[in-house]
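Reader: I'd like to learn how to read helix packing and a ligand shell. Could you walk me through a case?

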Amino acid sequence: MLTGSEMGVIDENAAALGVPRKQLMESSGHAVARAVRSLADPGNRVTIVAGRGNNGGDALVTARFLDDYDLRVLLLGRPNAISTSISRENWEALQSAEYPTETVKDSTAFDLGTPDIVVDAMLGTGIAGDLREPEATAAAAMNESDATVLSVDVPSGLDAETGRLADNAVDADHVVTFHDTKPGLPDLEVPVTVADIGIPDAAELFVERGDLTRLERDPASHKGDNGEVLVVGGGPYTGAPALSAQAALRAGADLVRVACPEVVAREIQSYSENLILRPFDGDHLAPPHVDSLAELAAEHDTLIVGPGLGDADATLEAVADLLSGFEGTAVVDADALSVVPDIETDAELVCTPHQGELRGMGGETSEDWRERADLVESFASEVGQTLLVKGPYDVVSDGERTRVGRTGNPGMTVGGTGDVLAGVTGALACIQDPIDAAAIAAYAVGTVGDRVVDDRGYGLVATDLLDEIPSVLWQREAET
Ligand SMILES: NC(=O)C1=CN([C@@H]2O[C@H](COP(=O)(O)OP(=O)(O)OC[C@H]3O[C@@H](n4cnc5c(N)ncnc54)[C@H](O)[C@@H]3O)[C@@H](O)[C@H]2O)[C@H](O)CC1
Ligand SMILES: [K+]
């Protein structure tokens, strides 16, 4: 089952892999024509009712596969209101080839006639709310007619995000949906054909630019709505927590605080005025700090534990105590990773080991990325947490879903890039599911590294990555 927005992600990933949406539309339209053939014989009257979006575009393709039928193609609205270039190209192809097309300027001009089959291609995954005019009048006419109604993707009026069926939705007799079934379709109790439209498995496995479309920033949001992150780090090292915290800010978090030993707080602050420090006494994290840190952590959307903490016994004991009592989402990195297999916790953890750290946690790895993906998936399921295993191909898995990020380059083996990745993951985990946060972070940080190396060559340092994070995450160019 895939929601409309999940289909949008996959379909843009397919485009990133070289299979553009227009090609998918051709397959979709062909699949609808095959369904028409299974429902009616050549010579029968088929009326296509197309909306102005890509759902309509699918059926404009269908028309070209039905030359041996008695065909009418109705476009709801004016041709210049067609909202996507690929639908417009398919409309123009029908004009050039002199197909019997008509445009319906408003609802009073709509006349369905008496076809044998109606192809309902008014609205698909782009719908919001009940049907407006002229779609509402057209739906009522379809529902009254004796024709067999074949809906494209979903009956117009079914919201493929929530499965809600509008009161004035089309009452379909048959549905052809694409790639996978959609929410609400099983409840309709009509035959549903799931058509393979040639989306490669890789569009679901690999993290690509379509995954960035998951990111949204509400224009009406207030300080804090886009995430508050607490980094618990520092002591033996000071750069690591500062990198994670700055990366979290660059990834879009509103407020990022760093809890660190008092003796290094001034130094960490001196790296950036954007950081808010919450020092605790001493020169390293230890069990007496845990109670107050737990209270502080509970006031944040996500916790990042590990960067620069070191591996002193007292520190690892404190990390284990902190994570055991925590109930929110935490990114666990660096030395803190070693405690994960030994603790019981209600927290949702995103662990970000490189392959050596993964072995240290008891996980297995392999040179072959496909084998590694399987091994990471089963280890994630064993640990019951999300893993982001870094490597030339990053593998992200929660034990059920597994994603692979292919961005990045050998320049990123330099120290500090992992701290940046932990920071981006922590920020995104404020607004996304752990697996999506980890997948997007892996893809984005690798892309950032690729841009820096393209620009300047090898010899990048972790701070080079920070400034490029916003443009990769938030300035995407979507295909329409
Ligand atoms: N995702 C894929 O892999 C593919 C999907 N295809 C088809 O494309 C549609 C989705 O197309 P989209 O252009 O995004 O949206 P729609 O055509 O469903 O509708 C957009 C259109 O509708 C208007 N609108 C929104 N709500 C209402 C309403 N309540 N009443 C009236 N009009 C409304 C809105 O303003 C827009 O103009 C998907 O379902 C598939 O059929 C392609 O085949 C490619 C592969
Ligand atoms: K439809």
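Author: Let's take the helix pair, then the ligand. This is a predicted model, where local features need pLDDT of at least 70, side-chain atom pairs count only at pLDDT 80 or more, and totals for chains, interfaces and linings use all residues. Residues are numbered from 1 along each chain as its sequence is written, while chains are lettered from A and ligands numbered from 1 in the order written.

Reader: How do helix 13 and helix 14 pack?

Author: Two packed helices are described by the angle between their axes and the distance between the axes. Here, helix 13 (residues 417-428) and helix 14 (residues 434-456) pack at about 135°, axes 9 Å apart (lines fitted to C-alpha atoms over the stretch in contact, angles from 0 to 180 degrees between N-to-C directions; helices are DSSP runs of H or I, at least four residues, and strands of E, at least two, numbered from the N terminus).

Reader: What surrounds ligand 1?

Author: There are 30 residues around ligand 1, the closest being Gly53, Asn54, Asn55, Gly124 and Gly126 (C-beta, placed from the backbone, within 6 Å). Helix 1 (4-16), helix 2 (21-39) and helix 3 (54-64) each give the shell at least two residues.

Reader: Which residues does the UniProt annotation "binding site" cover?

Author: That annotation, from an unreviewed entry, covers Asn55, Asp120 and Ser156 (annotations may be inferred rather than shown by experiment). They spread over 102 residues of sequence yet cluster in space, with a largest C-alpha distance of 9.3 Å. Asp120 sits in strand 4 (residues 117-121).
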